Amino acid sequence: MTRDKVKNTITDKNAIEISGLKKSFDGGKDFVLNGVELNIPKSKITMIIGFSGTGKSVLMKHMLGLMKPTSGLIKVLGTDLSQMSERKLMKFRMKLGVMFQYSALFDDMTAIENAMFPLIEHRKDLTHDEVYSIASEKMKQSGLEPKHFDKLPSQMSGGMRKRAALARALALDPEIMLYDEPTTGLDPILTEMVDDLIYSTHYSRSGKTSVVVSHDLHAAFRIGDYVIMLNNGGVLMDGKPEDFISSKDPLVRKFVDTGIRKKDV
Ligand SMILES: Nc1ncnc2c1ncn2[C@@H]1O[C@H](COP(=O)(O)OP(=O)(O)OP(=O)(O)O)[C@@H](O)[C@H]1O
Ligand SMILES: [Mg+2]
């Protein structure tokens, strides 16, 4: 892959293109993903929704190159990850920032050390002071004040841990930010805070792409530009939030009505 080719593909309208993606964990008896076709538009917030166990996290791991497909194409920023060697993937992942459900901070590192970690690993050209300065800027961007920088994850609140995880994910200025269930298990106030943080982070990073895997329909409709619903190993529906609200598909209705009802009680 030449440099120019990468540059060209980055200006394409899709950040991620997936076609014919199949994934089986049992040698082909059962397919968790069974022919997924989807495009994730560049510079937008795309929400991936669906009932529990439909393969949302498995799909996200394919987008990160953390899982290899049984078959199919996964093009991220124009490059097919399914054929990439582990060494190339490591380098490629610098373009992708990820925030997992339980923040997944390193327990023995302070907040700022967590945010410095990707820079120390991947930016050997930077001095320690430069790494600290970039990490502290990302911490502030994520809403963590300097007085919290030296706290260990065990000394932080749930909201602070989310912010530190976000700062770490943003450290390398990724082209694409991926969030897997960023608000599952949080109380309503923290849920709204994290949704707002995803939204403000997206709009402070002009031209970058966000992908959010979520159970939370309310968030999907509030912050998503584009929504993709997975079901039964494939894409059941994709479109704008309003397309989902007006959909007559019984499964979409079931998901939408249940999600909205839950939020209202
Ligand atoms: N490493 C693995 N080995 C075997 N099966 C797996 C593996 N990872 C996921 N699965 C299976 O794939 C299916 C989809 O799992 P996945 O975690 O992607 O669901 P999900 O849509 O993210 O669900 P949730 O909304 O509960 O997070 C499940 O049946 C799960 O057991
Ligand atoms: Mg999941």
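These legends walk through a handful of close-up views of a predicted model. Because the model is predicted, local features need pLDDT of at least 70 and side-chain atom pairs count only at pLDDT 80 or more, while totals for chains, interfaces and linings use all residues. Residues are numbered from 1 along each chain as its sequence is written, chains are lettered from A and ligands numbered from 1 in the order in which they are written, and side-chain values use heavy atoms, with hydrogens and water left out.

**View 1. The surroundings of ligand 1.** Here we look at ligand 1 and the residues around it: F25, V32, F51, S52, G53, T54, G55, K56, S57, V58, E181 and H215. A residue makes this list if one of its heavy atoms lies within 4 Å of the ligand. Sorted by class, that shell has four nonpolar, six polar and two charged residues. For this sorting, Ala, Val, Leu, Ile, Met, Phe, Trp, Tyr, Cys and Pro count as nonpolar, Asp, Glu, Lys and Arg as charged, and the others, Gly among them, as polar. Helix α2 (residues 56-63) supplies the largest share of the shell, three residues. Helices (H or I, at least four residues) and strands (E, at least two) are DSSP runs, numbered from the N terminus.

**View 2. Polar atoms beside ligand 1.** Zoom in and you find a polar side-chain atom of K56 2.7 Å from an oxygen atom of ligand 1. On its own ligand 1 exposes 630 Å², and the protein buries 58% of that. Accessible areas come from the Shrake-Rupley method with a 1.4 Å probe; for residues, only the protein chains shown count as cover.

**View 3. An open sheet of four strands.** The strands run in the order β2-β1-β4-β5, with antiparallel pairing. At the edges sit β2 (31-41) and β5 (79-80), each pairing on one side only. Two strands pair if DSSP finds at least two bridges between them.

**View 4. E17 on strand β1.** E17 belongs to β1 (residues 14-24). Is it buried or partly exposed? E17 counts as partly exposed because its relative accessibility is 30%; buried means under 20% relative accessible area, exposed over 50%, and partly exposed in between (1.4 Å probe, protein chains only). Its side chain makes a polar contact with the side chain of N14 at 3.1 Å. That term means a pair of N or O atoms within 3.5 Å; within protein, one must be able to donate a hydrogen and the other to accept it, and residues adjacent in sequence count only if both atoms are side-chain atoms. Leaving aside neighbours within four places in sequence, E17 is in contact (heavy atoms within 4.5 Å) with L38, N39, L73, I74 and K75. E17 and I74 are 57 residues apart in sequence, yet their C-alpha atoms are 6.1 Å apart.

View 5. Five of the five residues in β7 are buried. I176, L178 and D180 point one way, while M177 and Y179 point the other way. In a regular strand the side chains alternate between the two faces of the sheet. β7 pairs in the parallel sense with β6 (residues 96-99) over four bridges, and L96 has I176 as its partner. With β8 (residues 209-213), β7 also pairs in the parallel sense, over five bridges; here D180 has V213 as its partner. In the loop between α6 (158-170) and β7 (176-180) you can find E175, whose side chain makes a polar contact with that of K208 (3.3 Å).

**View 6. Two residues with a positive phi.** Most residues other than glycine have a negative phi, and most peptide bonds are trans. S43 has a phi near 70° and sits in the loop between β2 and β3 (45-49). L77, in the loop between β4 (71-76) and β5, has a positive phi of about 50°. L77 counts as buried because its relative accessible area is 4%, whereas S43 is partly exposed at 30% relative accessibility.
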